[in-house]
Structure formats: C-alpha cells, structure tokens
Amino acid sequence: MFDTARWTVPAPLLQAATAGRDLLDDTIRRLTPAAVTAEVLREIGDHDVRLDLRFDGHVTGHLRTDADVVVTLDLADAVRGLYGDDERPWPSLAVTTPNPDLDERGVAGWFHSRKGLAQSVQELLTALRPARRDLGELAVEFGTDKWGDLHWYAQHYERHFARLRTAPVKVLEIGIGGYGDPNSGGGSLRMWQRYFRRGLIHGLDIARKTVTGPRIMAIQGDQSDPVFLDRLGRELGPFDVVVDDGSHLNDHVRISFDALFPHVRNGGLYVVEDLQTAYWPSWGGHPETPPHTSMGMLKSFVDGLNRAEVGDPRGERSYLERNISGISFHHNIAFVEKGLNAEEGGPAFLRTFY
Ligand SMILES: C[S@@+](CC[C@H](N)C(=O)[O-])C[C@H]1O[C@@H](n2cnc3c(N)ncnc32)[C@H](O)[C@@H]1O
C-alpha cells in the first residue's frame, strides 16, 4: 500500500555517506552504481554542464552529453558531497572543455565563454554540496507559512531540530498544503528536504497530491483514521520527527498523536502546530482547554512527566507517562520529546516531612 520500495536506494546511501570509504563503496556496489547515479542526478537537478560520474574505473552515468564543459567525479565523492560530512576539496574532480573550437572565437569571446563555463561548473558543485541555510530563509523560499504570513514557527523549529539536521532522519508531516488542489502545496516538505539534507521526507494529506522531489514522498490518507496511521507508522517509520499541520481539529490532533507517537523513535520529536484551535469551540476547542482539547492533552503530559511523585513512586505508569521525556510550549506550537521517563519519585518520608 505504501511505496516502501521508493527508499531502497536512498535509505542505505544516506547512512553509508558518513561511513568509511570501504563501506560506502560496498554499499554502492550492492545498490548498483547505476541506481546510485540515478539518485545523485535526481538530487542535483539539471545543469548546463556535462557530468560524468565514475565508479570502479567506469563511467556510470551522465548529466547531459551536449555541454561545452565536462566535469568528471567519482560517484562515491558525489554521494559524500550530497549526504556526507566531508569538507575537503573534491578529491577526484576533473574539469575539461573538449571543444577545440572554443579558443578560436577571439579574445573577448573566449574570456566571456570561460566566465559562463566557470559559473556553470560552480553551480553544479554547489548543488553537489549544498550550503547550510537556516529555516526562516528556506521557509520564505519554498512558500510555507511557518515563517511570516500567519505564524513565526521557524525560530522554534531551528532551536529544537538543530541537533537532528545532519542526521539520517525520517520526517513525517501531516498536511502537505494546497487543500483540494492536487498540484498545490508541498512548500514545507521542500523546506524539510533542504534543511535535513540526509532526511527522508513523508507528507500526508487527505487530498491527492502530486508533489515530488528527491527524498520526498506524498501519501494520501486521513489523519483521523488510527488504523491507517498505525499501518503507515509500521511500514514507513519509525520517524525521528512528526509534525501535525493538518486539519487542526482537536479530535484529529488527539487521534493522530495517540496513533503515531508509538512510531516516533526515542530521541525524536512530535510537534503540534496551530494550537490556537484548542481555544476555539467551532474547532472542537474550549477557552479553558479541558482534557478533550489538543491543549488539554498536551498539558496532561506535564503532570505525566512527574507521575512518580503521586501515589506509589515505583507504581505502574501509562505508555505516554513512560515515554514522554520532555515538552516545550511556544506561541501556538508544542514540541513533545520521546524518551524514557523512568525516574523514581521522592521517598515516602519526604512527602510527609512538613
Ligand atoms: C495548513 S495546510 C498544510 C501546510 C503545509 N504543512 C505547509 O506548511 O506548507 C493543511 C493541509 O492539511 C490537509 N488536511 C485537512 N484535513 C486532513 C485530514 N483529516 N488528514 C490529512 N490531511 C488533512 C489539507 O488538505 C491541507 O492541505
């Protein structure tokens, strides 16, 4: 039902990119150099340059064959540039301009053409090792409302996600955007794809969506269907990050949290956006945020963190009480941290000390 085969090549590649060269080479051989080349070319998009990727002494694939300049690069170096942490200059880079007529256009034309070529080569190398950019800038570029417009969330995301940004994470966002228009939306998925350069990005929407891109998968489904969400979690998770930016109806937020939180990895985060609806009756909220509202649910996690201080300090705790290790609130957005909450409560004699 879910296109799990889609990650057959990128998932191991994202892991192997920071490993030693032997392990990376073995991974490329196992996945096949042709499949890895296709993945690299999908990631960098089109350029005015011919790129020959090489592996084990053979050219494994090209980007264009009609360009005036040829860049040759080892396939493993390209993978490390895209997904690795290698800051060294390209060890296997060669740039050639095989067109012999190029020098015969007169001095002015020759310099002009060289300038254009240099720029094209540089754009290709930048795509092969994308610069680190902050979320506010990416939110503006890709047109999500997480920064400006209605919300100022990017600053909070930056603070909580910074430790994950270079890790090979799996991200799920509920709500692709664009509502009923299949060709609209996807701004935040593109933003996450650029921010988590080793991330596999999943978007869930009740409407059919055509958004595609390297490391992006759009899934159609309803966030108020717990059986569907559980299957999604089992087949595509566990996730390091889940973001709920879907319907924002209070019931839906609670159902999605209950179904998906078990599929968040320890150390991961579950984020709920647009908590203003918890106070709005027409969205299923209430100004005093009782337990059936999304904010009521989130506030109960604060007491859950300290459940051991109530009743038997070693007593049984619920799944959420044992597995939520932290929670942060900002204006209209909350971050729930998954981790073991197993500390014992204070000793009995201290409880009656005064
Ligand atoms: C605010 S938009 C998401 C914006 C996007 N995350 C961004 O930042 O660019 C909300 C999306 O949630 C989707 N949605 C509404 N109800 C849903 C449901 N029950 N299950 C899944 N998605 C739903 C809508 O179709 C809409 O595209």
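D251 is partly exposed, with a relative accessible area of 46%. The model that shows this is a predicted one. D251 has a salt-bridge partner, R254, and their closest N and O atoms are 3.4 Å apart. Both residues sit in helix α10, three residues apart, so about one helical turn separates them.

Now turn to helix α3, which covers residues 33–44. R42 and E39 both lie in it, three residues apart, or about one turn of the helix. They form a salt bridge, with the closest N and O atoms 3.0 Å apart. R42 is partly exposed, at 43% relative accessibility. E39 is buried, because its relative accessible area is 5% and buried means under 20%.

Helix α3 also holds E43, which pairs with a distant part of the chain. The side chains of E43 and R215 meet in a salt bridge, 2.8 Å from N to O. R215 lies in the loop between β8 (200–205) and β9 (216–220), 172 residues from E43. Both R215 and E43 are buried.

Last comes the surface. L249, Y279, W280 and W283 make a nonpolar patch of about 360 Å². L249 is found in the loop between β10 (239–244) and α10 (250–260). With a relative accessible area of 33%, L249 is partly exposed.

Terms used
Residues are numbered from 1 along each chain as its sequence is written. This is a predicted model: local features need pLDDT of at least 70, side-chain atom pairs count only at pLDDT 80 or more; totals for chains, interfaces and linings use all residues. Side-chain values use heavy atoms; hydrogens and water are left out. Patches are made of residues with over 30% relative accessible area and no salt bridge: like charges are joined within 9 Å, nonpolar side chains (Val, Leu, Ile, Met, Phe, Trp, Tyr) within 5 Å. Accessible areas come from the Shrake-Rupley method with a 1.4 Å probe; for residues, only the protein chains shown count as cover. A salt bridge is a side-chain nitrogen of Lys or Arg within 4 Å of a carboxyl oxygen of Asp or Glu. Helices (H or I, at least four residues) and strands (E, at least two) are DSSP runs, numbered from the N terminus. Buried means under 20% relative accessible area, exposed over 50%, partly exposed in between (1.4 Å probe, protein chains only).
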